[in-house]
Amino acid sequence: MMMEVQFRRYDTVNYLKTEDDIANYLDAAMDDGDPALILAALGDVARARNLSQLARDIGMSRQGLDKALSGTGNPSLVTVLKITQALGLRLSFQPAHTSSHPSATGA
């Protein structure tokens, strides 16, 4: 007699439990460099942190926020900054390469 095996659909949101989980997930998306992937990852984080409440916090509709972060949306930098700040995150910049580059002053 065969036992029926049931599978649940994988959802990244189920694994974004801690701040470190979220930071590592977003860093991995940033390392890929694909804007659609980065927005989709930010959308996953928003869903993990209550998309509806986040939309209220930044003054958007839930549907508008969901669309902006769908991976096919094209939110402005202002919107992305509002989202990251409301999530308690901060965007930061680091050199893309560790090799030395000439300085802007030529020195």
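Which residues gather in a patch of negative charge on the surface? They are Asp27, Asp31, Asp32 and Asp34. The model is predicted, so local features need pLDDT of at least 70 and side-chain atom pairs count only at pLDDT 80 or more, while totals for chains, interfaces and linings use all residues. Residues are numbered from 1 along each chain as its sequence is written, and side-chain values use heavy atoms, with hydrogens and water left out.

**Surface patches**

- Patches are made of residues with over 30% relative accessible area and no salt bridge; like charges are joined within 9 Å, and nonpolar side chains (Val, Leu, Ile, Met, Phe, Trp, Tyr) within 5 Å.
- Accessible areas come from the Shrake-Rupley method with a 1.4 Å probe, and for residues only the protein chains shown count as cover.
- For charge, Lys and Arg count as positive and Asp and Glu as negative, whereas His and the chain ends are not counted. The place of a charge is NZ of Lys, CZ of Arg, CG of Asp or CD of Glu.
- Asp31, one of the negative patch residues, sits in helix α1, residues 19-32. Helices (H or I, at least four residues) and strands (E, at least two) are DSSP runs, numbered from the N terminus.
- Asp31 has a relative accessible area of 68% and is therefore exposed. Exposed means over 50% relative accessible area, buried under 20%, and partly exposed in between (1.4 Å probe, protein chains only).
- A nonpolar patch on the surface is formed by Leu77, Leu81 and Leu91, which together have about 260 Å² of accessible area.
- Leu91 belongs to the segment after α5 and is partly exposed, at a relative accessible area of 39%.

**Nonpolar core**

- In soluble globular proteins, nonpolar side chains tend to be buried together.
- A nonpolar core is a set of buried Ala, Val, Leu, Ile, Met, Phe, Trp, Tyr and Cys residues joined through side-chain atoms within 4.5 Å.
- The largest nonpolar core has 19 residues, and those touching the most other members are Leu26, Leu42, Leu54, Leu65, Leu69, Ile83 and Leu87.
- Two or more residues of this core come from each of α1, α2 (35-48), α3 (51-58) and α5 (77-86).
- Helix α2 gives the most to this core, with 5 residues.

**Salt bridges**

- Side chains of opposite charge can pair when their charged atoms come close.
- The structure holds 3 salt bridges, each a side-chain nitrogen of Lys or Arg within 4 Å of a carboxyl oxygen of Asp or Glu.
- Asp11 and Arg47 meet through their side chains, at 2.9 Å from N to O. Asp11 is in the segment before α1 and Arg47 in helix α2, so this pair ties together parts 36 residues apart in sequence.
- Asp11 is partly exposed at 24% relative accessibility, and Arg47 is partly exposed at 36%.
- Asp44 also forms a salt bridge with Arg47, at 3.1 Å from N to O. Both residues lie in helix α2, 3 residues apart, about one turn of the helix.
- Asp44 counts as buried, with 13% relative accessibility.
- A network of salt bridges links Asp11, Asp44 and Arg47.
- Arg49 and Glu19 form a salt bridge with their closest N and O atoms 3.0 Å apart. This pair links distant parts of the chain, since Arg49 is in the loop between α2 and α3 and Glu19 is in helix α1, 30 residues apart.

**A backbone detail**

- Asn50 has a positive phi of about 80°, although it is not a glycine.
- Asn50 is in the loop between α2 and α3 and is partly exposed, at a relative accessible area of 40%.
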